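The model comes first, then what I looked up in it.

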Amino acid sequence: MAEVKQELLELLKTRRSIRKYKPDMVPKEVIDQIIQAGTYAASGMGRQSPIILAVTDRGIRDRLSRLNGEIMGNSGDPFYGAPVVLIVLADKSCPTHVYDGSLVMGNLMLAAHALGVGSCWIHRAKEEFERPEGRQILESLGIQGEYEGIGHCILGYAEGEEPQAAPRKEGRVFHLD
């Protein structure tokens, strides 16, 4: 048991955002394991307000990339070539929806790292799903209600070496003994 705990602590310390991906698709079984980890994230009062959209269709992925880039004011690929995009949205009627969705994002990225898959949190999901194109995607899936985009968890296999952690800043922990 102590080995498993140490392994988890090591995963927490070594996960890094990947910003260059191989075009190879992540197997569906691996994507499903990552998604399942996301569904087990803590949520306020156990409400489980977040939902996850799993995008593996290249055309939809590219459409979202263009929309995200347009919002960012950039014509490049904000998804860095990653073949998979998991979009986390959360029900606005839940007062903790942003926090709940953020915890899902953390679980997704940590699970991906544990399974040898690179990930990165890409912003602008809020703006994407406030636009008609984003709302149309939700409607096409039969998703009703008011959802706020929390983030895109891009997934894929790293092209090149994974980055090393920057030194931790001093003075970020205070003890009240």
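Entry 1, terms. I call a residue buried under 20% relative accessible area, exposed over 50%, and partly exposed in between, with a 1.4 Å probe and protein chains only. Helices (H or I, at least four residues) and strands (E, at least two) are DSSP runs, numbered from the N terminus. The model is predicted, so I note that local features need pLDDT of at least 70, that side-chain atom pairs count only at pLDDT 80 or more, and that totals for chains, interfaces and linings use all residues. Residues are numbered from 1 along each chain as its sequence is written, and side-chain values use heavy atoms, with hydrogens and water left out.

I looked up H2, residues 28-39, and found 12 residues. From its first C-alpha to its last, H2 reaches 16 Å, close to the 16 Å expected at 1.5 Å a residue. The expected span is 1.5 Å times one less than the number of residues. Which residues of H2 are buried? I list Val-30, Ile-31, Ile-34, Ile-35 and Gly-38. They cover an arc of only 135° around the axis, which puts them on the same side of H2. The arc is that of the directions from the helix axis to the C-beta atoms.

I then asked what covers the buried residues of H2. The cover includes strand S1 (50-55), strand S2 (84-91), helix H4 (97-114) and strand S4 (147-156).

I traced 4 strands that form an open sheet in the order S1-S2-S4-S3, with antiparallel pairing. Two strands pair if DSSP finds at least two bridges between them. S1 and S3 are the edge strands, and each pairs on one side only. The twist averages 25° from one strand to the next.

S1 and S2 pair in the antiparallel sense over 6 bridges. Within this pair I checked Ala-54, whose bridge partner in S2 is Leu-86, and Ile-51, whose partner in S2 is Leu-89. S2 and S4 run antiparallel and are joined by 8 bridges. Here Val-88 stands opposite Gly-151 in S4, and Val-84 has Leu-155 in S4 as its bridge partner. Strand S3, residues 118-122, is joined to S4 by 5 bridges and the two run antiparallel. Cys-120 stands opposite Ile-154 in S4.

How many residues of S2 are buried? I read 7 of its 8, and S2 is mostly covered. For S4 the count is 10 of the 10 residues, so S4 is largely enclosed by the rest of the structure.

Contact means heavy atoms within 4.5 Å.

Helix H1, residues 2-14, packs with H4 at an angle of about 110°, their axes 10 Å apart. That makes H1 roughly perpendicular to H4. Angles of 65 to 115 degrees count as roughly perpendicular, under 35 as roughly parallel, over 145 as roughly antiparallel, and the rest as oblique. On the H1 side, Leu-8, Leu-11, Leu-12 and Thr-14 make the contact. On the H4 side I noted Leu-110, His-113 and Ala-114.

Met-45 has a positive phi of about 55° although it is not a glycine. At 74% relative accessibility, Met-45 counts as exposed. Gln-48 has its place in the loop between H2 and S1. Gln-48 is not a glycine, yet it has a positive phi of about 55°. I put Gln-48 down as exposed, at 57% relative accessibility.

Lys-169 lies in the segment after S4. Is Lys-169 buried or exposed? Lys-169 is exposed, with a relative accessible area of 67%. Lys-169 and Ala-2 are 167 residues apart in sequence and 28 Å apart in space, C-alpha to C-alpha.

Technical notes. Axes are lines fitted to C-alpha atoms, for helices over the stretch in contact, and angles run from 0 to 180 degrees between N-to-C directions.
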